[in-house]
Amino acid sequence: MKKKAKTLSVILLVFALLLSLFPVAASADEGTVTISSAEEWNSFAEKCRLDSYSQGLSVELTNDITLNNTKDPLVPIFCGSFNGNGHTISGFFADVQTDTIGLFRILGEEASIRDLTVMAYLKTSGERKETGILCGKNNGTIENCRTYGILEGYELAGEIAGINYGTISSCTSDTKISVSFLGGGITGENSGTIENCTNHGEINLEANENATNIGGITGRNQSVLTGCINTGKIGYLHTGYNIGGIAGISKGFLSGCSNSGEIAGRRDCGGIAGQMEPCFRMEYGENAMDLLDNSITGFSGQLSAASAAIQNAINNGATGLSYTLGLVNSFSQDLSGQVSSLFSGMSWIETAKGYIAEIRNTILYIKDNLPGGASSRSREIIEQIEAILDQFDTSDTSTWPTIMEQLMDYLTQLSFSLDDFAWISESFSGLSENFRNLASIVTTGFQDFGANSTYVLEDASARLSEIVQSANDFLSQATEDVGFARSSIEEALSSLGVLQGSVQNVLDGKIDTEEDISAQITNQDLGMITSCQNSGMISSDYSSGGIIGNLSKELSIDQEEDPAVSPGDLLFADTTLFIRATVYDCKNSGDCKVKYDYAGGILGYGSRGGIISCENSGNSTSGKDYSGGICGLYRGTVQSCCSIGKVSALSYAGGIAGDGKEINQCISIPEIDSEGAFLGSVAGTLEEGSGNLFVNDSIGGANGISYSEIAEPVSYEALLSLDGIPESMRTLSIRFIVDGEEIEETKIPYGGSVTSLPSVKPVDGKYWCWDEFEKDGIRYSQTVQGEWKNYITTIGSGEFVPTFLVEGEFDDSAGLSAKELSALEDIFTMEEDFVPSAYTLSLTGSKNYAGTDHLTVRFRTEMDGDLYKADPAAYTLAGSLSYQRDGEYIVFELEDGGSFIFIPKEKKRIPYLPFLIAGGVVVLAAVIVLILILRKRKKNRTGEPSPGKKDPNKNQPKTKERSTPEKSGQNTNKKTGAVPENTGTDTELKPKPQSKNRVRRDL
């Protein structure tokens, strides 16, 4: 029996050991596991090194767990379903040196995570990519998750996911982020779908010269982003490029998002997107050069057919066309020679190849001299650049612009990846210069080709007119054969038209079938930002707007350069180039401030596209030029937009655009603040437009001039009578902001006034002081801010040497009113030389923040006396007050608005020590003399006078001694002789009888 028991114990022990090896608890369903501890999490993470382990697996988190001191808590790859059940995983700390980092490094396409909160501190070393608190790379679905903590990454960093190819829905982040390239509150880059997510975290609040493509939700949006909110502050003033409240840069579909956080950076900053790239959809057809060549071939063929037809007519007896035939043969030979010369004269191609060679040499130099600290990513980029450069040698010249666009993208990436190496900067300066020269020579080459082609065609057209006229003279009398000749000539003329049109397209620098479809509003398409709102302040050095900072294709390596030529200026290879850059139904109420150029309520700078049905009630300020209610400078179309606000710039300031290309059916109520040139209530300068209205009596519609049916003034009342006027033009909003948060919003009518300012509770011994602004006759919505100030501890009564000082805690609006009460002085005056002081003291402006209605009062007087409370209404005293002397002031307590009377004593204080000393000496001398006299008199009373001296009282008449008040020990009034009554109390003072020179007032 004992043996069996021992055997059973061994079996149980072995079984317990086996269980300890498998801490993840299995449920009744073998495809489900539960996790309730850090140990079980570690076991789960270890098993997920194999992707097949989690395929089809369901994981349930059944408890809050802490991963403190966990060696390797990262789940390498997860392909199943993870339900956090509202629990939190905390203590996730990681400082790693690898790419694709997160609690879940990679989520597969079938993976999902929901209802999970993660608290973490995550820091990557070096140039690591794809870093997220929840996951590094998401290919699946993340729903209703939340992150807290700190994230420090380099590239492609987001609080939920480093990069997203799947779906992220209803997630929230409160994480503080620091990132250099492609960083966002939810994901670094979105190439999938993000919907209904919120970011409260702060991003890059410290200076970062490298910061590029940073957004409250995503750094770069390539796909679909809808219904998201950002409230966090983003960016640092004067550093950073492409900084946006929702996306740093977007070329996808972005809709229904809002931002209230402050946005700051160096260049291209926006409340919704720092930069928006147009979406180019190209339908490839005949190459432009091939099309031109085919047009010339077709024209030559038609000429040959016409020549044969005419020859046949001649053979049939129409000898009158011999002259015409000679013209045709001569024209055909000359045109063939000119066309050959046209194509052989494209010498610019060799020049362009020279620049390509320079770029190749520089890349080779960088490749051969890469330091050991360069990342593997840098070497990959260089290999891509070399492959792209090889395409110039093997591809038709018409495809070069497309190749150049690819080259620019990789050169930009290489610039970022090698930014830490100082020796690279000179090489990149040469790269940038050579690339710009290449773009310029390609554009100029095509344009020169078009110009030369046009010359050939113009000459051909003139000579062909002569041929047609000669043929017409004969054809009017021709037979049926000649009728065929007429048809052939007409077809030749049609071919000539095709040829001329093709060449003109090249001359104009674009394809004839290029089509901007920005005005075509669809439910969802790439290259659109729709139904978004911004209320946050935007601040930068260049190109910023309430919704978008910059709307153009980014081709420049150097982020400091102004926008370069766009693909539409370079692409000639497509028969149809569809372009979409649509900003639709967006609203901005935040102020936009730019230190230099390009500020707008909706857009700072833009090269193409359409801004449609947008509304602005914020103020736009450029330190130099180009500021507008809707856009600063825009080469696209503005349609059906409204703006009311203050527009400031040195020059180029307009209610809709500082510099506009086309503006139609827009309304503005601007306040233009500029003394420079090119100012207008609609636009500083305007190329074309129609149906624009404005309210402003002091400035014209465009460049100081109003134009009928283009930019016309109307009264405010007439404007309000129109249909579709937005509420922002009927009611103005005054928003009061404290420490970046709105504490109150006041609505007033246009031209109304602000009657009171919100009170702000003091903090840490400081009070809030609102900035000064015009409170009456307000004509645009405003955001009012201020600053915390230390309390003023003493205020005075206003004299050079104040009569009164009051101690307490006051703001800078506080003052002291000291109202003299002459009636009390008259009643209680005892002697003209000792006039009482009677005042009512009260605070003006704001209250005493010390929390008491009593004031510590300092009253300047050199006399001592009696101090009483007073009731000026009843002309009576209300009790005595005690005081202390402090130098020239007496100090006492008095309630705010209280009254007092100070009655000096009959003897003045002698304030100066020398007089006291001198007086003491005189008194001492007098005492000594008096003593000597008394001694002498005493001696005279006791003895006879000295011999030879007479008695001074001898023979003097005797008089009766008179009794006086002084001798009787009583005090009298020197004027009236009256003896005052002794009341026995300090608080009951009866008035003295008045002298004959004063009239006593009725009590």
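**Salt bridges and their setting**

Guide: Of the contacts in the chain with a separation of 6 or more, 76% are between residues 24 or more positions apart. Keep in mind that this is a predicted model. The chain has 1003 residues, and 48% of them are buried. Its secondary structure comes to 14 helices and 74 strands. The accessible surface is about 48,000 Å². Carbon and sulfur atoms hold 48% of that surface.

Now the charged pairs. The count is 19 salt bridges. Start with Glu-46 and Arg-49. Their side chains meet at 3.3 Å, N to O. Glu-46 is partly exposed, at 47% relative accessible area. Arg-49 is partly exposed too, at 49%.

Arg-735 and Glu-742 make another pair. Their closest N and O atoms are 2.8 Å apart. Is Arg-735 buried or exposed? Its relative accessible area is 10%, so Arg-735 counts as buried, the cut-off being under 20%. Glu-742 has 39% and is partly exposed.

Next comes Arg-860 with Glu-888, where the closest N and O atoms are 3.2 Å apart. This pair links distant parts of the chain, 28 residues apart. Arg-860 sits in strand S69, residues 854-860. Glu-888 sits in the loop between strand S72 (884-886) and strand S73 (889-895). Arg-860 is partly exposed, with 36% relative accessible area. Glu-888 is also partly exposed, with 38%. Elsewhere, shared partners join Arg-360, Asp-390 and Asp-393 into one network of salt bridges.

What about bonds between cysteines? The disulfide count is 0. Take Cys-197. Its closest cysteine sulfur is in Cys-171, 4.8 Å away, so the two are too far apart for a bond; a disulfide needs sulfur atoms within 2.5 Å. Cys-197 is buried, at 0% relative accessible area. For Cys-642, the closest cysteine sulfur belongs to Cys-641, at 7.4 Å, again too far for a bond. Cys-642 is buried as well, at 11%.

Ile-710 lies in the loop between strand S58 (692-694) and strand S59 (711-713). At 30% relative accessible area, Ile-710 is partly exposed.

Turn to the interior. Thr-131 belongs to strand S11, residues 129-132. Thr-131 is buried, with a relative accessible area of 0%. Leaving out residues up to four places away in sequence, Thr-131 touches several others, among them Ile-101, Leu-122, Leu-151, Leu-156 and Ala-161. Gly-158 and Gly-162 are also among the residues it touches.

Finish with the strands. S20 (residues 187-190) pairs with S24 (residues 218-221) in the parallel sense, over 3 bridges. Asn-190 has Asn-221 of S24 as its bridge partner. S24 also runs parallel to S28 (residues 247-250), joined by 3 bridges. Here Thr-218 has Ala-247 of S28 as its bridge partner.

Definitions and conventions
Residues numbered from 1 in each chain as written. Predicted model: local features only at pLDDT ≥ 70, side-chain atom pairs only at ≥ 80, totals over all residues. Heavy atoms only, no water. Pairing = 2+ DSSP bridges. Helix = DSSP H or I, 4+ residues; strand = E, 2+ residues; numbered from the N terminus. Buried < 20%, exposed > 50% of the residue type's maximum accessible area, 1.4 Å probe, protein only. Contact = heavy atoms within 4.5 Å. Areas by Shrake-Rupley, 256 points an atom, 1.4 Å probe, with all protein chains shown as cover. Salt bridge = Lys/Arg side-chain N within 4 Å of Asp/Glu carboxyl O.
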